[in-house]
Amino acid sequence: MNETFRQCAAYISKVAASPLVLLVVVVVLTLSGWFYGFSEKWEHTTTFIVAVATFLMIFFLQNSQNFGEKVTHLKLDELIRAVEGARNEVVAR
């Protein structure tokens, strides 16, 4: 389950970070605002959707970053173990 979530978070982070997605979101919000007359209800709904999307993206990006950092530390630990005479007091066991 953890691996599936990690892969999903990595994919969502990669796709959502593209400029095309930003352009599509801006166009959809602008067209929907025009269609609904930029009413107060539309503004509140848009604000809510953007806030939820922002929260989810921070969550997914943090997850991907944590995984990348874990992999980097594992690689560094392996390099420290491989070098003879290196101090390895801080290497994860």
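Start by selecting E78 and R81: both sit in helix α3 (residues 40-82), three residues apart, about one turn of the helix. Helices here are DSSP runs of H or I with at least four residues, strands are E runs of at least two, and both are numbered from the N terminus. Keep in mind that this is a predicted model, where local features need pLDDT of at least 70 and side-chain atom pairs count only at pLDDT 80 or more, while totals for chains, interfaces and linings use all residues. Residues are numbered from 1 along each chain as its sequence is written, and side-chain values use heavy atoms, with hydrogens and water left out.

Now show the side chains. E78 and R81 form a salt bridge, with 3.6 Å between the closest N and O atoms. The term asks for a side-chain nitrogen of Lys or Arg within 4 Å of a carboxyl oxygen of Asp or Glu, and by that rule the count is one salt bridge. (Buried is under 20%, exposed is over 50%, and partly exposed is in between, using a 1.4 Å probe and protein chains only.)

How do the axes of α1 and α3 cross? They come within 9 Å and cross at roughly 115°; axes are lines fitted to C-alpha atoms, for helices over the stretch in contact, and angles run from 0 to 180 degrees between N-to-C directions. The crossing is left-handed, meaning that the near helix is turned anticlockwise from the far one by less than a right angle (clockwise would be right-handed).

To see who meets whom, select F5, R6, A9, A10, I12, S13 and A16 in α1, plus M57, F59, F60, L61, N63, S64 and F67 in α3. Contact means heavy atoms within 4.5 Å. The residues of this contact split into ten nonpolar, three polar and one charged, with Ala, Val, Leu, Ile, Met, Phe, Trp, Tyr, Cys and Pro counted as nonpolar, Asp, Glu, Lys and Arg as charged, and the others, Gly among them, as polar.

Zoom in on M57, in helix α3. Leaving aside neighbours within four places in sequence, M57 touches I12, S13 and A16. Its relative accessibility is 22%, so M57 counts as partly exposed.

Then hop to F5 in helix α1. With the neighbours within four places in sequence left out, F5 is in contact with F59, F60 and N63. F5 is partly exposed too, at 30% relative accessible area. Ring pairs also link F5, F59 and F60 into a cluster. Rings of Phe, Tyr and Trp (its six-membered ring) pair if their centres lie within 6.5 Å; planes under 30 degrees apart are stacked, over 60 edge-to-face and the rest tilted.

How many aromatic pairs does the structure hold? Five. One of them joins F38 and W42, edge-to-face, at 5.1 Å centre to centre and 85° between the planes. W42 counts as buried at 18% relative accessibility, whereas F38 counts as partly exposed at 47%.

Last stop: stay on F38, in the loop between α2 (19-35) and α3. Check the backbone: phi of F38 is near 50°, a positive value in a residue other than glycine. Most residues other than glycine have a negative phi.
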